[in-house]
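Morning, everyone. I have one model to walk through today. Please look at the screen.

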Amino acid sequence: MEKIDFLTKYSSSVGIVYADVNGLKEINDTLGHQAGDAALRQAARLLTKCYGLENTYRIGGDEFLVLVPLVTELDFKTSVRRLRELAAGKADLSIAIGSEWVADTAQLERAITKTDQRMYCDKVEYYNRRGKKRETRHDLNDGLTPSESAVGLSDDCLVLNALHCILGLLVIR
């Protein structure tokens, strides 16, 4: 993706959000694909409202990636809180969210992986709260340093799968 190539070329800060629509298969199966498409559009609108169209990418299926360059850590964390609050206020939409801020884009690919891992843990927690066992798609500690693995899997929950479709990123238009 051109934006990732550009960002890694120049050292700067970047905020990353990985988001995924919870329960999309169930929405499609029970309410129809039009309802599923509406959920995807609603998630895209929510992300672009918080981060702008130029920073928001649909990377496949029900997954979205947000890359916010040159943002301070405080501003980024504030924006993630706002995103979570706005998403929580949607009765007909639930999204799993992972986020990471890095001071140097040289760490961008690793940070995208960690962000996806955090999103997936948020998704697992969503299903666990609903009494639905969700099988993990990865070993929860894949690709992590020993100190990252020791942190635990609650708020800093880490799972792997961000770069599997980076080359297929599509701007939401």
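I will start with the ground rules, then go from the overall fold to single residues.

This is a predicted model, so local features need pLDDT of at least 70, side-chain atom pairs count only at pLDDT 80 or more, and totals for chains, interfaces and linings use all residues. Residues are numbered from 1 along each chain as its sequence is written, and side-chain values use heavy atoms, with hydrogens and water left out.

First, the fold. The protein has 6 helices and 5 strands. Helices (H or I, at least four residues) and strands (E, at least two) are DSSP runs, numbered from the N terminus. The order along the sequence is α-β-α-α-β-β-α-β-α-α-β. Of the 173 residues, 49% are buried. Buried means under 20% relative accessible area, exposed over 50%, and partly exposed in between, with a 1.4 Å probe and protein chains only. Take contacts between residues at least 6 apart in sequence: 74% of them join residues at least 24 apart. A contact here is heavy atoms within 4.5 Å.

Next, the cores. A nonpolar core is a set of buried Ala, Val, Leu, Ile, Met, Phe, Trp, Tyr and Cys residues joined through side-chain atoms within 4.5 Å. The largest one holds 24 residues. Val17, Val21, Tyr51, Phe64, Leu83 and Ile95 have the most contacts inside it. Two or more residues each come from S1 (14–21), H2 (24–31), H3 (33–51), S3 (63–69), H4 (73–88) and S4 (95–102). H3 gives the most, with 8 residues. Now look at Tyr51. Beyond four places in sequence, Tyr51 touches Val17, Thr56, Val66, Val68, Phe76, Ser79, Val80 and Leu83. There is also a second, separate core of 13 residues, including Tyr18, Tyr57, Val102 and Met119.

Tyr57 leads us to a strand pair. Tyr57 has Leu65 in S3 as its bridge partner. S2 (residues 56–60) pairs with S3 in the antiparallel sense over 4 bridges; pairing requires at least two DSSP bridges between the strands. Their hairpin has 2 residues between the strands, and there Gly61 takes a positive phi near 50°.

On to H2. Which residues of H2 are buried? Leu24, Ile27 and Asn28. They cover an arc of only 95° around the axis, so they sit on the same side of H2. The arc is that of the directions from the helix axis to the C-beta atoms. These buried residues pack against S1 and H3. The face turned away carries exposed Lys25, Asp29 and Thr30. Just after H2, Gly32 has a positive phi of about 100°.

Most residues other than glycine have a negative phi. Leu70 is not a glycine, yet its phi is positive, about 55°. Leu70 sits in the loop between S3 and H4. Buried or exposed? Leu70 is exposed, at 68% relative accessible area.

Last, Ser13, in the loop between H1 (2–9) and S1. Ser13 counts as buried, at 13% relative accessibility. Its side chain reaches the backbone oxygen of Val71 at 2.8 Å. Beyond four places in sequence, the contacts of Ser13 include Leu70, Val71, Trp101 and Thr105.

Notes. A polar contact is a pair of N or O atoms within 3.5 Å; within protein, one must be able to donate a hydrogen and the other to accept it, and residues adjacent in sequence count only if both atoms are side-chain atoms.
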